[in-house]
Amino acid sequence: MKKQIRKLIHRFENLKFRKKLSVLMLIAGLVPVGFLAFSMQYGMMNQLREKEQYNLEKMLEQSVSSIENQSQIYKNLVDYLSYSQNLRNIFDVETESDYEKYLKYVKVADPLLQMPTIYHKEIQSITLYSDNIEVPHGDTLLPMSEAENQQWYSRLNEGTLMQWSITRGVNKSIIASRKFYDNDTIKAVLEMRLDYEKVLEPFMSQLTDNTGGMIQDDNGNIVYAECSMDKKYRPKDIESPKDISENYYLVQRTMKDTGWNFYIYRPKEVSENAIHKLLLKNIPIILISVLLLSFLGYVFSLRMVSQLELLTENMNLINMGLRKVTVQSKSKDEVGVLIRSFRRMMDQMNHLISEVYESKIQLQNSEMRALQAQINPHFLYNSLSIINWKAIEAGEDEISHVTLALSTYYRTSLNRGETMTTVAKEIDNIRAYLKIQLVMHDNEFRVVEQISDGLNDYLIPKLILQPLAENAIDHGIDVSDNENPTLWLTIREEAEHIFFEIRDNGAGMTQEKADQILTYQSSGYGVRNVCDRIHVLYGEKGEMKIESTPGKGTRVFIRIPKNTEAKVL
Amino acid sequence: MKNDMKKRILSAQLALILLLMLWCGTYFETKESQRQMEQLEASQSESGASNAVEVKRKLMYKAMHTPLGKYPETVTYTLGKIAGANNSNLPVGNTYENNAYTRYLKKILNIQNEDVFELQDGNTYEEAVNVAIEDRDIPDVLVVKGRDNLLRLIEAGLIEELTETYEECTTDTIKEMYESYGDSLLQSATVDGKLYAFPNTVIDDGTPLLWLRKDWIEKLGLKEPETVGEALEVIRAFVEQDAAGDGQTIGLACSTDVVAGADQTYGVDATFIHAGAMPCHWILDKNGNVVYGSVTQETKEALLKLHNLYEDEILDQRFLLRKTENIDDLLKTGHCGAICGRWWAPNNPLSAAYNVDSNAEWKPYLLDKEQVNETQKISVFESYDQWMYVVVRKGYEHPEIVAKYVSAIFDQSRYANDSAAREVNDYFSINVDPTARPLNINVDYEDALYRTTEHIQAALDKTLDVSELSGLEKSYFNTCKSYLNGQLTTANGWAAYASRIQAVGELQKAGITSTSTLPLENVNAEIPQELQELEQEAFLQIISGEKPVDYFDTFVVEWYANGGKVLTERVQNAYESGKN
């Protein structure tokens, strides 16, 4: 693990600066986005939960209070009936004939107790139980003995005058019973039987859409329990508030008068599912922000680092030999300053370099002129001409040849002071030189020429071949044991260049040594001079190389761009 | 060049449109001519496709002018329907628009009702009918209650005259049935010689019987009573020897209405009839004068008898304090062994008691037959105040539909031994209320009760072949037979046997014939609430001894003084003018 982290850090450290910056920006953006998303989600979840709880409470409050209102009406009605003297007469007056009772029952009690059932559909019946009533009369007046079968009878002696009871099962009903006392004994009971479904309707109607509910009477008995839920949400025991409160949002409310507890609950999962859905909805937003962040990070880091990168690349190029500053910046920031100072530094360096170069070339030029000035060509030619004629007179043909060759050599070498010459003249020059050399060496080596036609008019710097040939003879052929020493001169046309080559099969040298010839530290001045001149004249376009193998020989070649127009240094 | 092209395209389009129009013209022309051709063909020849049209037309004509001709296409009629309690006990899945009756009607006549409203008799139905009449927007077929409403409709010109359809589209049996009630019934729906409605018929229910628990008689070792006196002794024995066994046996049950009439329970009507009294009816006395039955000396006599029964503790001692539902309970709990009731008492309320205790063997007794027959001879006025009439909306294209309905339901399905009607007849044995029928009337012979029982009895005695029985009779026959051989032990089985065979058999043995009724026309003979109360209180006070029997005379004086006199004179006048 630690290793991995270290590896990761290592990898990060080796990343390009731009990528590093992108990654840092992404991380810097992701942290607040993540935090924001999380805190929003958390807030929303809390809000939803609170809302759910609140909704349930509201729902319950509404239904319970509407049941309370209803029950208040029934209570008032029972009160009204119980204060009715007519009704009290039924169980107060004792001795009377059946007919008198009949009149009271039919004319007084029946309308009094039946009328409310017509106007209030929820009231199923109103019954008066009394010891004074000996025979059941419809369901309005019943003997007290009949009351013994009623569920509320057992609780008759409890506190309040008015009692509410609720029963489930086959005879489900809600009953309000009101006692009448005669001194200490209960003399009569007025019982109002209400339609269970209708009275509880405001509560029951709420139990849709994954909602459950139950009602607990004042004795703690569950008198109603229902839940309309998908199977997976259903509680195991729909009649246990304790169990339910663990896995459900459960709210409870106690009804006035009756003291019944109403519960309503909803599975937590349902609302949590809603929250999860909300979360899912946020994911695209987060994704988009991440994408945006990476894009912006990329763009910004690119923008920030591009100049630096350009600078780095430029520096690399300079390291490889190019001395040009291509990177530019007008910005006043650190990178801009860096670029500008780099540019200034390079400029100064280039300036210094060119200064050294130019002064050197000037020196060469002046040296050349001095050399040329030392030789009075006319005097030299005249002298040579006389020598030639004298030699002819004396029959010394060889001297004549050498003199002619020498004359040609000097004429083409001096070239009337021009630094550039044509290929033809250069060939004349080298041939004259080689002729002299052959004479000097008693034709000990062979010269093989391979010269293409049609190159005669191209302009090239003068005296580029002679120093090479001299070098080949002095350091190659002269010191060689080769029995058949040969010097090859090759001039041929290439696509854009003219190719010159002087090759010998002499002693040769190590490549290291060969390379040194062209450097500052070389002693072979002539060869290096050729190289310098080509470099100065053609820069990259020209080329000069020495290849040598000890014992085998040396090969020197030059490539010069084709050029027909005179160019003066 | 470009313009030229455009012009060319335009002209081409125009040409195309013209062509199209031309083609359309010729097309429609050919259609029109084809239609004419077809009509021509239809009217001239009887060949090919036109034959079907002709056959259909003939079928339709036949359907519209015969009792049982089937319509070639389903004829739908909108209907104001009187619904029954508990969906008329219809089997699950059946409705008032789709049950055995409607299916039968569809099959036989190809007619289908479409109920505009389905409301229970009592208040809501009458209100809806009232509103419909006031809005002058009545359904195609409607049942109205009360002759006054019928007259309103006739006067408003909202209903179709049915004289012709009655002649054409009712079977002879239906005509016979209506005729069995005398002229007065159809006359009540006739104005200026034109019949406007099909009246309901109320078959004769015979006379009230005394129902006693035969198992108690046997238990107490008594003799089955043959006279009224013996019967009273039996009841006394029930009470004195406490047949119920818990000291709470009551005597003869009696509702506080005292007189139950044709459709209530627990009246003591039999006592009145035994005294030759006809309370709660307008009757003709021996002198041919109109009198209200409750104020006659015979009624006083009956009340005296009842008072004596009360004193002798034969009549339920606490009857004043009970309601009918309490008596129902007493029957179920086996505390009462004697009631007065019509032949149908086994259906209501006794079957409920049988359900609780099938050992409770209630048996009907008709005692003092001579006096009963004598009382039956009293001329009783029949009021059409609450009578039901079926009417047809003026302008409805099939006014014959009601006549055809009556023929199909009350003749074809009952008497024609029609196998298609089996489901309809089975409704009797599974206790489906007659309110399940689209139209809430019954049409049958006045003595249909006796005829039916006669046939069932004959079939049980094997003197009549079962195949001779009508659908209704066969249904009862099967039930009774199953009950008798012990296959059927349900309350329904017992009730069918006890009512149709035992009770009606008693009536037949006594030779009870249907009473002749006199029509009460164009007069409001209804007893006002006040007088009804006065009467009831007087009866109760006398029976319970609250007032001496002679108080009856005071009551009569009061009754006449409080409007009875005027009322009597009014009825007398109406009767006399009707006679002339």
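**Notes on the predicted model, chains A and B**

1. Let's start in a loop of chain B. B:Val258 is buried, with a relative accessible area of 1%. Its place is the loop between α10 (228-240) and α11 (269-274) of chain B. The backbone here deserves a look, too: B:Val258 has a positive phi of about 60°, although it is not a glycine. Bear in mind while reading on that this is a predicted model.

2. That loop holds another residue to look at, B:Ser255, which also sits between α10 and α11 of chain B. Is B:Ser255 buried or exposed? With a relative accessible area of 5%, B:Ser255 counts as buried, because the cut-off for that label is under 20%. Leaving aside residues up to four places away in sequence, B:Ser255 touches B:Thr265, B:Tyr266, B:Gly267, B:Phe319, B:Thr324 and B:Ile327.

3. Now for a sheet in chain B. Three strands make up an open sheet in the order β10-β7-β11, with antiparallel pairing. The edges are β10 (338-341) and β11 (362-365) of chain B, each of which pairs on one side only. On average, neighbouring strands in this sheet are turned by 30° against each other, ignoring direction. A helix joins the picture as well: α20 (residues 491-509) of chain B packs on the sheet and touches β7 and β11 of chain B, with its direction at about 20° to that of β11(B).

4. Take β7(B) by itself for a moment. How many of its five residues are buried? Five of the five are, so the strand is mostly covered, given that buried means under 20% relative accessible area. In a regular strand, side chains alternate between the two faces of the sheet. In β7(B), B:Leu209, B:Trp211 and B:Arg213 point one way, B:Leu210 and B:Leu212 point the other way, and all are buried.

5. The pairing around β7(B) can be followed residue by residue. On one hand, four bridges link strand β7 (residues 209-213) of chain B to β11(B), running antiparallel. Four bridges also join β7(B) to β10(B), again antiparallel. B:Trp211 is a handy landmark here: it stands opposite B:Ile339 in β10(B), and opposite B:Pro364 in β11(B). B:Arg213, for its part, has B:Trp362 of β11(B) opposite.

6. Some overall numbers for chain B. The chain has 22 helices and 14 strands. Of its 580 residues, 51% count as buried. Its accessible surface comes to about 27300 Å², and 49% of that belongs to carbon and sulfur atoms. As for contacts, take those between residues at least 6 apart in sequence: 75% of them join residues at least 24 apart.

7. Over to chain A and its strand β5 (residues 185-194). Nine of the ten residues of β5(A) are buried, so the strand is largely enclosed by the rest of the structure. Strand β1 (residues 123-130) of chain A pairs with β5(A) in the antiparallel sense over seven bridges. In that context, A:Leu128 has A:Leu190 of β5(A) as its bridge partner.

8. β5(A) also pairs with β4 (residues 173-182) of chain A: nine bridges join the two, and they run antiparallel. A:Asp182 stands opposite A:Thr185 in β5(A). What do β4(A) and β5(A) form? They form a hairpin with two residues between them, and A:Asn183 in the turn has a positive phi of about 55°.

9. Another asparagine in chain A is worth a check. A:Asn443 is not a glycine, yet it has a positive phi of about 55°. It lies in the loop between α13 (423-440) and β11 (446-451) of chain A.

10. Last, a surface feature of chain A. Which residues form the nonpolar patch on the surface? They are A:Ile288, A:Leu292, A:Phe295, A:Leu296, A:Tyr298, A:Val299, A:Phe300 and A:Leu302, with about 720 Å² of accessible area together. One of them, A:Leu292, is in helix α9 (residues 268-319) of chain A. A:Leu292 counts as partly exposed, at 47% relative accessibility.

Key. Residues numbered from 1 in each chain as written. Chains lettered and ligands numbered in written order. Predicted model: local features only at pLDDT ≥ 70, side-chain atom pairs only at ≥ 80, totals over all residues. Heavy atoms only, no water. Patch = residues over 30% accessible without salt bridge, like charges linked within 9 Å, V, L, I, M, F, W, Y side chains within 5 Å. Areas by Shrake-Rupley, 256 points an atom, 1.4 Å probe, with all protein chains shown as cover. Salt bridge = Lys/Arg side-chain N within 4 Å of Asp/Glu carboxyl O. Buried < 20%, exposed > 50% of the residue type's maximum accessible area, 1.4 Å probe, protein only. Pairing = 2+ DSSP bridges. Axes fitted to C-alpha atoms, helices over the stretch in contact; angles between N-to-C directions. Contact = heavy atoms within 4.5 Å.
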